[in-house]
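This report covers a sheet, an interface and some backbone geometry. The sequence and structure come first.

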Protein chains: 2
Amino acid sequence: MKPDFRYQQLEQTLLQGIEQQRWPPGTRLPSIRTLCQQHQLSKATVVHALQRLEARGLLEARPKSGYYVSHRPANPRLSNTRPATSVPAPQLKIDAPRAVNVSELFLDIMRRSAAFDLLPERSSDDLPPGIVILNRALGRALRRQRGDDFQYYDDPAGLPMLREQLAQQLQRRGCNLTNEQLCITSGCQHALFLALMASCQKGDVVAVEAPGFYGVLQLLQQLQLQAVEVPTSTTTGMDIDALEVILQRWPVRACVVAPAFATPGGALLPDNARQQLLNLAEQHNLAIIEDDIYADTAFNRVPDPLKARDLSGRVMLCSSFSKSLSRDLRLGWISGGRWHADILRLKLVTQLASSRYLQQGVADFLADGSYASHLRRQRYQLRQQRDQLLSVLSQWPGAPQFSAPDGGLALWLELGTDTTNPPHSPKRQINTLALYPEALAHGVIITPGPLFSASGQFTNAIRLSFAHAWTAPRRAALQRLSLLLNGSSTE
Amino acid sequence: MKPDFRYQQLEQTLLQGIEQQRWPPGTRLPSIRTLCQQHQLSKATVVHALQRLEARGLLEARPKSGYYVSHRPANPRLSNTRPATSVPAPQLKIDAPRAVNVSELFLDIMRRSAAFDLLPERSSDDLPPGIVILNRALGRALRRQRGDDFQYYDDPAGLPMLREQLAQQLQRRGCNLTNEQLCITSGCQHALFLALMASCQKGDVVAVEAPGFYGVLQLLQQLQLQAVEVPTSTTTGMDIDALEVILQRWPVRACVVAPAFATPGGALLPDNARQQLLNLAEQHNLAIIEDDIYADTAFNRVPDPLKARDLSGRVMLCSSFSKSLSRDLRLGWISGGRWHADILRLKLVTQLASSRYLQQGVADFLADGSYASHLRRQRYQLRQQRDQLLSVLSQWPGAPQFSAPDGGLALWLELGTDTTNPPHSPKRQINTLALYPEALAHGVIITPGPLFSASGQFTNAIRLSFAHAWTAPRRAALQRLSLLLNGSSTE
């Protein structure tokens, strides 16, 4: 079949060059400018072709350097290079902004409390020490209530002592922030909601990571905002060059980005990409909504947030304790930059205030160093659980690709490839969305790839979590999943 | 000055008839139909004139009966008739729907935690027994956490056991509801927000009580909905005849109504008005958003909600524990009728889930009868505090008008009258909005009347709360307020 579009022609030319080892693995391709001149093509067309090859795992984008031919390592865990994100190429083209329609499947997964657990089994074990100490702090805060405290709503911005503790944490991560610049929310999702409500109007275009957090897609749908998907590596995060192309093409109001150990793959956005992103935000008058929720799960150093480099109040930092401490606290925060006054008003209007004793208990837990101790224990545990999962996956047949994050709670697993565009090494096509009910029947709850995309991409991928201990039942569930993926579930 | 409009002409004719005792106090005016025929006027014009007289305290609307000449009792506490709601007449005409712009003042009042307290002084006394027992229940729920409970989000709809307890309460109030028809929220404001989000689109017209809850006005502003104000008695609630006129004139999507002890005046919507409202909702395809938050504070019988008569799923019942138990719980609920599925999704999208241990603690508190005991004690106390306030107000100079509610936390106080339309017995004009900073300088925080209106009506009124014990400092603050109102603060 003859390629119809100019980018497809270039893509095929480059593909041949790679196959014929004109550019062996590890070498740099000609620069975008050179390719434009050689082929008499626009920059957008060249970038498009390169991104399609990158998406097929054949190229790697190295920010501020260029595109390199992939090594395609057999075991990405042992490699420092990016695991091939062999996303079906025809799906990864940059689509125009679109309305979002989130799958009903998500509600089902949430109702099963299974977002981060392929086998939701509540252990009856004792709580980890961090949670015991947290609960004691909450209990003390309850017992310290006096007089008619219960008859007053808290300051809508939140308890000053808690905001002070959070400000100190952010100051240690390079942010020049005071407690006045923070507002307490009912979790990170609530913070993201406030950020989008404050910065966007119905119909506005919002750039999102693809694959990226489904909660953001749901918010866009709810607020009737349009999504434009930015190709995103599950190792190095959002492709800022692609974002630039998008910004030149469409009027984007805001960009939601998770630079630290983003779901689904645990990517960490490199330093230079961060600066490039902020520069673009300045040039294109963009609101940056930073989802910082996984930062504190870092296995090594907790990275500074984008907010630390935010000189013009464009970054709205959103976070919560749900990933690093407890999902049941329902306590998050936002630092809204130039939108902060609006956000405070929105918090008040949609919720009045947060619970004072709850904030007091958490503030005490932070102030006495218990949170820091908890994080140390939890990091060690998460790292072990990740290693155990990587070790199992590396034994799986079919050599699936997976990310190997240095933080977060999950990795991205790609299975087989798409047959609609003949792949390099043809495999069976797997549709993880179609696999969901089948897996469920086998007692395994998967989180299918398309949940992480506004356009239903990533049918061949799932997110696999290592948030929970690999008990014997969970190991068995993983084993059943492996059989399912290699068994009947092809189309 | 010669009246410009036909309704003004009728108003003056009727006024003369009342003054000349053509219709003595207590007698019924000719019916709307008769007045239409006699004066060759439309129904809307006649209703408008009657409502203006009603608003000036000269007439009383008795649902399904007609308009009666008021007795204007000297002490409304001792009277069963409605205290005169001497709202400035030119402001109470039925205005066209309008965008809402809530005063910054409200934020200030909220930041001072003063919405229900003219002198926010935290007592260092012991907690009331109900709160001690509640806190113990929450502490027990925390200690009962096991295993990795903290690693799972709760069902977005909320803990089944809590929903079951709430469903049982509503069943006892005549509702045919199961726990599946309830969704837990972060308070009643959050429930109202979800109800409006689910039933309205930007630009839609929403009918609200005037005076009514400021939180609703803020929501309308935030969601870019238009408000149309329905004249509302602080004794008998929303004027459903006026609502009918409005529904005939404008395309109203939803109506927010608080039938049980509504803020600001503590009105209770009579039975026949309730049925009339539901009939209108059916005829005009209206969503009814019922704010039920004050019902459990009833001094006598807790009235059945509108929801109990809702045969077609048009009523969204919204409530929380903030008025009847604790402002600090931040726990509410909604039963969303035909919009319930959307509401569940919205709850999930904006907040994921609620805290499980918190819900468990409250469910235990409900299940063992502690809530019922708490309500008994609280009702006795609130009733005493109301009586003490009424007793003080009846001694105030200038014979101000005030409501005497049988539930809720506050009453409505009207001071002087408006001079723009010459009143019956001319008094000084008081602007409570202008008075706010002056009162603040004297250590008194008032809740000015205009906060309760989208059009800035009720400048001569304030809401006075009896939610707090009348300690010596609060009595002194009330005394200072009385002096201010009768002293320098005229215009």
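Where is the place of P211(A) in chain A? P211(A) lies in the loop between strand 4 (205–210) and helix 8 of chain A.

## Basis

This is a predicted model, in which local features need pLDDT of at least 70 and side-chain atom pairs count only at pLDDT 80 or more, while totals for chains, interfaces and linings use all residues. Residues are numbered from 1 along each chain as its sequence is written, chains are lettered from A and ligands numbered from 1 in the order in which they are written, and side-chain values use heavy atoms, with hydrogens and water left out.

Helices (H or I, at least four residues) and strands (E, at least two) are DSSP runs, numbered from the N terminus.

## Backbone geometry

The peptide bond from A210(A) to P211(A) is cis, with omega near 5°. In chain B, A210(B) and P211(B) are also joined by a cis peptide bond, with omega about 5°; P211(B) sits in the loop between strand 4 and helix 8 of chain B.

F261(B), a residue other than glycine, has a positive phi near 60°. F261(B) belongs to strand 8 (residues 260–262) of chain B. Most residues other than glycine have a negative phi, and most peptide bonds are trans.

## Sheet of chain B

Eight strands of chain B form an open sheet with mixed pairing, in the order 3-12-11-10-7-4-5-6; two strands pair if DSSP finds at least two bridges between them. Strand 3 (183–185) and strand 6 (237–238) of chain B are at the edges, each with a single partner strand, so one side of each has no neighbour in the sheet.

Strand 3 of chain B pairs with strand 12 (residues 332–335) of chain B in the antiparallel sense, over three bridges. Within this pair, T185(B) is opposite G332(B) of strand 12 of chain B. Helix 11 (residues 340–351) of chain B packs on the sheet and touches strand 3, strand 11 (315–320) and strand 12 of chain B, contact meaning heavy atoms within 4.5 Å.

## Interface of chains A and B

The contact takes 69 residues from chain A and 69 residues from chain B. About 6700 Å² is buried between the two chains, with carbon and sulfur atoms giving 53%; buried area is the accessible area (1.4 Å probe) that two parts lose on being put together, summed over both.

Zero salt bridges are counted between chain A and chain B, a salt bridge being a side-chain nitrogen of Lys or Arg within 4 Å of a carboxyl oxygen of Asp or Glu.

Methods: Axes fitted to C-alpha atoms, helices over the stretch in contact; angles between N-to-C directions.
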